[in-house]
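Me: I'd enjoy going through the fold of this model with you, one question at a time. Could you take me through it?

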Amino acid sequence: MKILIIIPVYNEGNNIEKVISRLKENAPYVDYIVVNDCSSDNTVSLCKKNGFHYISLPVNLGIGGGVQAGYLYALEHNYDIAIQMDGDGQHDAKYIEKVLKPILEDQADIVIGSRFLLKEGFQSSKLRRTGINFLSFLIKLCSGTRVKDVTSGFRAVNKKFIKIYSQEYPQDYPEPEAIIAGAFHGGRIREVPVVMHERESGSSSIHSWKIIYYMIKVSIAIFTYRLKF
Amino acid sequence: MISSSLRLFLTIGLTLYFLLIFSLLKRRTLSLKYTLLWIFGGFGMGILIIFPQILNWFIHIVGIKLASNGVFAIILFFVLIILIYITSIVSKQSDILKRLVQENALLEKRIREIEDKMDKESAPEDEKKE
């Protein structure tokens with residue numbers, strides 16, 4: 001089994017070394033690829049200095065394009081499982097085994113690491129949780145799949161979905177849309193509890209007013225997926 | 001009824017419109033593929049000018065009182081269609097661009113690795129020569 005961790009980063013110079021060293025400590029059996037989305041800080045030079053495996057996008061594509069580049073890499077190098085993990089230290093490499101398990105046992109095609117199942121660790125602000133719950137409800141309504149932590153970027157997919165996601169992956173704020181795409185491609189989606197940390201430095205890619213944009217866009221995305229099938 | 005002065009001005013406008021389109025086409029600043037819709041629209045307008053009865057029939061059905069308003073409505077609708085078409089072109093191109101960027105990044109990694117390997121291989125040889 002070849003397993004690849006995809007770590008999309010944008011200006012994570014303060015976090016990247018810690019993230020990779022924790023990854024190597026906790027999951028030495030996996031390969032990883034850092035996808036640098038045209039950072040303007042020292043992310044690339046740190047990767048170079050430490051000999052990390054990385055690809056570097058020549059222009060900024062946003063999180064969706066970065067993650068998709070990782071899936072393309074996984075496809076090109078014939079990986080069996082790909083795991084997405086944020087480059088900001090929110091996701092703990094300890095839980096890699098946990099998100100892998102349902103796929104290794106062929107219980108699921110897509111596994112999402114969820115911070116809301118155990119309600120431990122960083123839980124995000126109330127406003128965001130409300131938004132997340134609404135999206136979760138919409139996804140359940142339209143695809144029949146119940147996922148609580150729809151914005152979690154900690155997820156594992158098998159070979160089938162490496163191929164699908166490398167062909168088609170949503171662009172800005174892609175996480176909930178990727179779940180819908182997964183459901184409509186007949187993927188078995190499973191959530192496993194993980195504990196997330198509050199990001200150590202830098203800022204989240206979603207700011208308050210953008211939540212509204214996010215909600216509308218995702219709602220329309222769900223609707224159009226519904227139309228296609 | 002559409003007035004003859006409106007018809008005159010529309011004719012002049014349409015002539016300028018076609019002159020512009022075809023001169024841009026000739027200079028290859030427009031590709032014919034994406035200009036076809038504009039040309040068809042222009043022909044449609046021409047037909048309306050030559051046969052104003054069509055316009056009268058249209059405004060009567062839709063319930064517009066002034067013929068000039070009918071002309072505006074038709075033009076506006078046509079422009080909206082073209083804008084949607086252009087948005088679809090932009091979307092497709094950004095998809096293509098995205099894929100190019102990603103492939104470029106993957107290739108860059110391969111070249112980087114090959115170069116590193118070559119550096120390592122050539123380094124001992126240089127020492128031997130010395």
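Me: Which handedness does the β-α-β unit made by S2(A), helix H2 and S3(A) have?

Reply: Happy to! A word on the basis: this is a predicted model, where local features need pLDDT of at least 70, side-chain atom pairs count only at pLDDT 80 or more, and totals for chains, interfaces and linings use all residues. Residues are numbered from 1 along each chain as its sequence is written, chains are lettered from A and ligands numbered from 1 in the order in which they are written, and side-chain values use heavy atoms, leaving out hydrogens and water. Helices (H or I, at least four residues) and strands (E, at least two) are DSSP runs, numbered from the N terminus; a crossover is right-handed if, with the strands pointing away from the viewer, the path from the first strand over the helix to the second runs clockwise. H2(A) covers residues 43–50, and its unit with S2(A) and S3(A) is right-handed.

Me: How many bridges join S1(A) and S2(A)?

Reply: Two strands pair if DSSP finds at least two bridges between them. Val9(A) stands opposite Asn36(A) in S2(A), and the chain crosses from S1(A) to S2(A) through H1(A), residues 16–26. S1(A) and S2(A) pair in the parallel sense, and the count is 6 bridges.

Me: How many residues of S2(A) are buried?

Reply: Buried means under 20% relative accessible area, with a 1.4 Å probe and protein chains only. S2(A) spans residues 31–36 and is mostly covered. Of its 6 residues, the buried number is 5.

Me: Which strands are at the edges of the sheet?

Reply: The open sheet has 7 strands with mixed pairing, in the order S3-S2-S1-S4-S6-S5-S7 of chain A. Each edge strand pairs on one side only, and these strands are S3 and S7 of chain A.

Me: Which residue in S7(A) stands opposite Ser114(A)?

Reply: S5(A), residues 110–114, pairs with S7(A) in the parallel sense over 5 bridges. The residue opposite Ser114(A) is Pro193(A).

Me: At what angle do the axes of H5(A) and H7(A) cross?

Reply: Axes are lines fitted to C-alpha atoms, for helices over the stretch in contact (heavy atoms within 4.5 Å), and angles run from 0 to 180 degrees between N-to-C directions. Residues of H5(A) including Leu135(A) and Ile139(A) meet residues of H7(A), among them Ile179(A) and Ile180(A). The axes come within 11 Å, and they cross at roughly 15°.

Key:
Buried < 20%, exposed > 50% of the residue type's maximum accessible area, 1.4 Å probe, protein only.
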